[in-house]
Amino acid sequence: MVKLDSIRKLARKYLEKLYEGTCTITEFSNVYDPVTHCTKPVKNVICEGVTCHLSYTTAPAVKNTDTVAAMDQNITLFISPDILVKPGSMIEVTQVGRTTKFEASGAPVVYPTHQEIGLSLTDKEA
C-alpha cells in the first residue's frame, strides 16, 4: 500500500516540472532609525529565481466605462508551498520571455503540492 505522503511528493514533483517561470518575491518591513527616531519601510528580497507558474483567466466580455474599456482578469501564481509569501508582497515574474511586476492581493491558499496566490498588476504596469 502506497502512503499518501509519497503520492503527494510525487504529485508535487511532476506539478513543479510544469512551472515555466521564475520569480523574485520582495516585501516591506519597518526599520527603526535610532538617529532620526523614525520608522521607515524598507524593501527586503525574500527569495529570487524561484520556479513558478502564472495562470490568467479573463471574463468573456470587455466592460465599457465612460473613459476606457475595462476587462476583468484574475491572475494566479502557482509556487512551492515551502515559501512564505505574506499578503501585500511584491512579486516580479518572468515567464515566456516577459517580466511583469505584481502585488499579492490576498493570503496564499496552501496545499500539500503547491500554493496559489492571487495577484494584481502594480500601478506601474497598468
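Q: What does the word "buried" stand for here?
A: A residue is called buried when its relative accessible area is under 20%, exposed when that area is over 50%, and partly exposed in between. Keep in mind that the structure you see is a predicted model.

Q: Why is cysteine 23 called buried?
A: Cysteine 23 has a relative accessibility of 2%. The cut-off is under 20%, so cysteine 23 counts as buried.

Q: What is cysteine 38 called: buried, partly exposed or exposed?
A: The value for cysteine 38 is 37% relative accessibility. That falls between 20% and 50%, so cysteine 38 counts as partly exposed.

Q: How many disulfides does the rule give?
A: The count comes to zero. A disulfide is a covalent bond between the sulfur atoms of two cysteines.

Q: How do you know that cysteine 23 is in no disulfide?
A: The nearest cysteine sulfur belongs to cysteine 52 and is 4.0 Å away. The rule asks for sulfur atoms within 2.5 Å, so cysteine 23 is in no disulfide.

Q: What makes arginine 12 and glutamate 16 a salt bridge?
A: Their side chains meet with an N to O distance of 2.9 Å. A salt bridge needs such atoms within 4 Å, so this pair qualifies. As a background idea, side chains of opposite charge can pair when their charged atoms come close.

Q: Where do arginine 12 and glutamate 16 lie?
A: Both belong to helix H1, which covers residues 4-16. They are four residues apart, about one turn of the helix. Glutamate 16 has a relative accessible area of 26%, so it is partly exposed.

Q: Why does arginine 12 also count as bridged to aspartate 82?
A: The closest N and O atoms of arginine 12 and aspartate 82 are 2.7 Å apart. The limit is 4 Å, so this pair forms a salt bridge as well. The pair links distant parts of the chain, 70 residues apart: arginine 12 is in helix H1, and aspartate 82 is in the loop between S5 and strand S6.

Q: Why is aspartate 82 called exposed?
A: Aspartate 82 has a relative accessible area of 61%.

Q: What makes lysine 86 and glutamate 27 a salt bridge?
A: Their closest N and O atoms are 3.5 Å apart. That is within 4 Å, so the pair meets the rule. Lysine 86 lies in the loop between S5 and S6 and glutamate 27 in strand S1, so the pair ties together parts that are 59 residues apart in sequence.

Q: What words describe the accessibility of lysine 86 and of glutamate 27?
A: Lysine 86, at 43%, is partly exposed. Glutamate 27, at 13%, is under the 20% cut-off, so it is buried.

Q: Which residues do salt bridges with shared partners join into one network?
A: Arg12, Glu16 and Asp82 form that network. The structure holds three salt bridges.

Q: How do you know that S5 and S9 pair?
A: Strands S5 (residues 73-79) and S9 (residues 115-121) share five bridges and run in the antiparallel sense. Pairing takes at least two bridges, so S5 and S9 pair.

Q: What makes S8 and S9 a pair?
A: Two antiparallel bridges join them. The rule asks for at least two, so S8 and S9 pair. They form a hairpin with four residues between them, and valine 109 stands opposite glutamate 116.

Q: Why is leucine 119 called buried?
A: Leucine 119, found in strand S9, has 6% relative accessibility. That is under 20%, so leucine 119 counts as buried. Among the residues it touches are Leu54, Ile75, Phe102 and Ala104. The C-alpha atoms of leucine 119 and alanine 104 are separated by 4.6 Å, although these residues are 15 residues apart along the chain.

Technical notes
Residues are numbered from 1 along each chain as its sequence is written. This is a predicted model: local features need pLDDT of at least 70, side-chain atom pairs count only at pLDDT 80 or more; totals for chains, interfaces and linings use all residues. Side-chain values use heavy atoms; hydrogens and water are left out. Buried means under 20% relative accessible area, exposed over 50%, partly exposed in between (1.4 Å probe, protein chains only). Contact means heavy atoms within 4.5 Å. Lists of a residue's contacts leave out its neighbours within four places in sequence.
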